[in-house]
Amino acid sequence: MKGICERSARWREARRIASRYRREEDGSLIAFSLFIFVVMLMFGGIAVDLMVYENKRTHIQNSTDSAVLAAANLNQTVDPKMVVQDHLAKVGIAVNPDDIVVREIGTAPVITGRQVSVQVSGQYNTMLMNLVGVEHLRYGAMSEAEESVNDIEVSLVLDVSGSMDDNGKLGKMQKAAKDFVDNILLGADDDRVSLSLVPYATQVSAGPELFALMNTSNTHNFAHCVDFDAQDFRTTEIDHTRTLTQTMQFDPWRNYRYGQGLRYEVCRTESYFEITPWSNNATALKDQIDAFEAEGNTSIDVAVKWGAALLDPTMNAQLNGLIAHPGVQIDTAFAVRPHLYSYPDALKFIVVMTDGINTDQPYIRSNWRTGASPYYRHPVTNDIYMERQEPGDRDRDGRNNEAWYNVSDRRWQNNPFNNGNAGVRLSWPEAWASMTMSWRAYADYHQTYDADDYYDALYDPRGWISDTAKDARLDDICDAAKAQGVVIFTIGFEVTDHSANVMRDCASTPNHFYRVEGLDIEYAFASIANQINQLKLTQ
């Protein structure tokens with residue numbers, strides 16, 4: 001019995017010891033769990049503080065970036081420092097004015113460049129990291145923006161040849177070109193942008209004022225075009241030490257059956273067809289574009305030559321000559337233009353548009369360019385006459401008694417220059433400006449009674465530059481301009497594959513060429529304007 005009681009007592013003691021052990025183990029787990037919880041809370045707090053800190057830092061950096069961009073904008077007229085302060089204040093960021101730095105090129109109101117920088121610093125007071133002794137985290141943000149518009153010189157070269165009348169192309173081009181002028185000259189009252197408008201067809205007319213300032217043969221005053229030689233297309237400049245040959249004013253296309261007077265002149269004389277050089281008058285330029293009419297052949301090479309020449313520094317004397325001309329309006333601020341190619345703050349662009357390909361270009365040969373012609377003008381009737389060259393010759397109509405052929409009326413008659421009405425002998429330029437080539441040839445046909453002479457007279461005076469030669473000349477002048485750093489954009493408006501290839505080769509890069517149909521021409525001009533207007537921005 002006694003043994004049983006002892007064993008029972010020892011069992012009870014063992015249970016008590018085990019029970020106490022279990023209670024002590026439970027306490028250890030609780031302590032360990034509490035430790036883990038505190039560690040997790042600490043790391044969680046650090047993560048929260050870092051997340052809030054990074055969001056605040058990013059917010060401040062983005063806000064300062066936005067503020068300096070707004071302040072550097074050349075179109076805004078508020079003090080740039082005030083723009084930065086106000087911009088940041090609206091998002092709860094205080095900045096010391098001394099931490100805002102503004103550098104400007106030019107003086108108000110003509111600012112051509114602006115650089116704005118700001119530095120913001122501060123600290124973030126931690127919420128939970130202070131439990132481990134980190135009471136705040138410091139941050140800083142530095143932003144800088146620069147916006148500048150360099151002096152921009154643009155030659156806008158537009159096709160107004162006869163094919164532009166097809167499919168409404170002329171009207172579509174006019175709208176797109178006028179929008180381009182507005183986009184380029186928008187805000188250009190600060191004299192940073194000059195635009196030269198170069199309309200072209202068979203030839204390009206310099207206009208009487210600019211033509212008078214060029215070194216030309218100037219054999220007549222009927223029109224104001226010049227004939228360039230092949231070597232002229234290998235350089236952007238016009239050689240002012242060499243006398244340029246003036247284009248003869250003549251009509252090689254109109255048939256004699258439809259009238260004596262010129263209708264399709266090689267060098268067109270309408271005022272809207274003249275070059276408007278170095279202008280910033282958007283209204284005048286758009287009015288000129290509105291007046292365009294389509295007529296004539298296509299000479300892209302001659303047009304780009306003029307476009308390049310108007311960007312070449314050697315034209316400075318002509319520009320200043322026009323400034324001094326009372327009948328021409330050119331901003332005196334442009335007196336230093338065209339800038340040297342090495343001038344770091346100048347950008348030069350040629351924008352050339354065509355709807356076709358280079359076509360043959362007719363020239364009057366040298367033996368029919370100067371001196372006296374065989375034609376006489378009647379002082380009263382203004383009729384033009386040609387005297388029988390040999391009194392005994394039989395004319396086409398079998399007559400041999402009338403001494404004079406009335407070119408104007410296409411008939412033979414006796415001497416019209418009696419009774420003191422002496423005829424006025426015409427020079428060759430005067431003769432070509434008075435009758436078409438076909439009309440003149442028809443007169444010779446009657447005079448000589450030789451049908452072969454009729455055709456010889458019609459075709460023989462013409463010297464021709466072929467379309468292939470003109471493509472080569474275009475390639476030369478485009479290469480010369482690109483070598484000088486001129487950026488060339490080209491637009492092929494509903495063109496053939498051949499023309500597209502020619503214009504793509506002319507452009508600065510294939511990406512500078514636009515091949516468009518219909519209303520897409522508006523997109524092409526708008527895209528080019530946006531690229532020219534693109535401002536330099538650094539952060």
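Predicted model: local features only at pLDDT ≥ 70, side-chain atom pairs only at ≥ 80, totals over all residues.
Residues are numbered from 1 along each chain as its sequence is written, and side-chain values use heavy atoms, with hydrogens and water left out.

Let's start with the overall picture. The protein has 13 helices and 18 strands; these are DSSP runs numbered from the N terminus, with helices being H or I of at least four residues and strands E of at least two. Of its 539 residues, 46% are buried, where buried means under 20% relative accessible area with a 1.4 Å probe, counting protein chains only.

Now, the inside. A nonpolar core here is a set of buried Ala, Val, Leu, Ile, Met, Phe, Trp, Tyr and Cys residues joined through side-chain atoms within 4.5 Å. How many residues does the largest nonpolar core have? The count is 46, and V204, L210, F228, W306, I350 and L474 are those with the most contacts inside it. Several elements each supply at least two residues of this core, including β5 (193-200), α6 (300-309) and α11 (467-483). Helix α6 gives the most to this core, with seven residues.

Leaving aside neighbours within four places in sequence, V204 is in contact (heavy atoms within 4.5 Å) with residues including V198, F273, V302 and W306. Apart from this core lies another, of 39 residues, with L158, I184, L285 and A524 among them.

On to the disulfides. A disulfide is counted when a pair of cysteine sulfur atoms is within 2.5 Å, and that rule gives two.

One of them joins C225 and C267, with sulfur atoms 1.9 Å apart. The torsion about their S-S bond is about 80°, so this disulfide is right-handed. C225 sits in the loop between α4 and β6 (226-227), and C267 in the loop between β7 (245-246) and β8 (276-279), 42 residues apart. Both C225 and C267 are buried.

The other pair is C478 and C506, whose sulfur atoms are 2.1 Å apart. This link of C478 and C506 is left-handed, with -70° about the S-S bond. C478 lies in helix α11 and C506 in helix α12, so the pair ties together parts 28 residues apart in sequence. Both C478 and C506 are buried too.

Terms used
Buried < 20%, exposed > 50% of the residue type's maximum accessible area, 1.4 Å probe, protein only.
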